[in-house]
Amino acid sequence: MESEKETSETTIVVKELDPTFCEEVASQPGGQYIRRCFACGTCAAGCPVTEIDEEYNCRRIVRQILFGMRDEVLASPLIWFCMLCYRCYARCPQKVNFTDVMRALRYLAIKGKHAPPDILDKMDEVERFSQMLRHDLVTHTFDGRKEILNKLKKKIDDYGKKHANS
Ligand code: SF4
Ligand code: SF4
């Protein structure tokens, strides 16, 4: 059967829908609660990426998964925009755990070779940069502690010397 259903957001071509897609997402770690979504939009309302780019909408991505829009979801650069900040995860009244759904989508996109290569290169760059920041943070924290420990050790030594001579 060939028919089309127009929504306010996108055109759904029924013959291109893949009913196994939702099942595949649900079978991934973290994707198991996808069917709980009742489309309230709370996730999109608090998403920092949606604030910058309205094209990115977690509620819409969940609907696309439930409808079986495999190619639209997995080949879209939008699934790489998520910052994995867990805001939607914390606010969802249905505990859909969208951040984990996003991880599952990225896994499926790479596995199925849907992910655009230029996006993957950019993601590598972002990962390298965040590793550098983490390294600096740990070094800074450790140096700070070293300074405190040295001060403490000096105080103990001074105390020991003072009392050894008295
Ligand atoms: S907040 Fe949860 S239930 Fe509401 S649209 Fe988002 S994923 Fe669905
Ligand atoms: S985890 Fe992703 S989708 Fe959820 S609020 Fe953060 S950026 Fe938005």
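**Exercise 1. Where does P93 lie, and is P93 buried or exposed?**

Solution. Begin with the place in the chain: P93 sits in the loop between α6 (87-91) and α7 (98-111), where helices are DSSP runs of H or I with at least four residues, numbered from the N terminus. This is a predicted model, in which local features need pLDDT of at least 70 and side-chain atom pairs count only at pLDDT 80 or more, while totals for chains, interfaces and linings use all residues. Residues are numbered from 1 along each chain as its sequence is written, and chains are lettered from A and ligands numbered from 1 in the order in which they are written.

Finally, leaving aside neighbours within four places in sequence, P93 is in contact with C40 and T42, a contact being two C-beta atoms, placed from the backbone, within 7 Å.

**Exercise 2. Which residues are closest to ligand 1, and which helix gives the most to its shell?**

Solution. First, 15 residues surround ligand 1, and the closest are C37, C40, C43, C92 and V96; a residue is near if its C-beta atom, placed from the backbone, lies within 6 Å. Then look at the helices: α2 (42-45) and α4 (58-67) each supply at least two residues of this shell, and α4 gives the most, with 3 residues.
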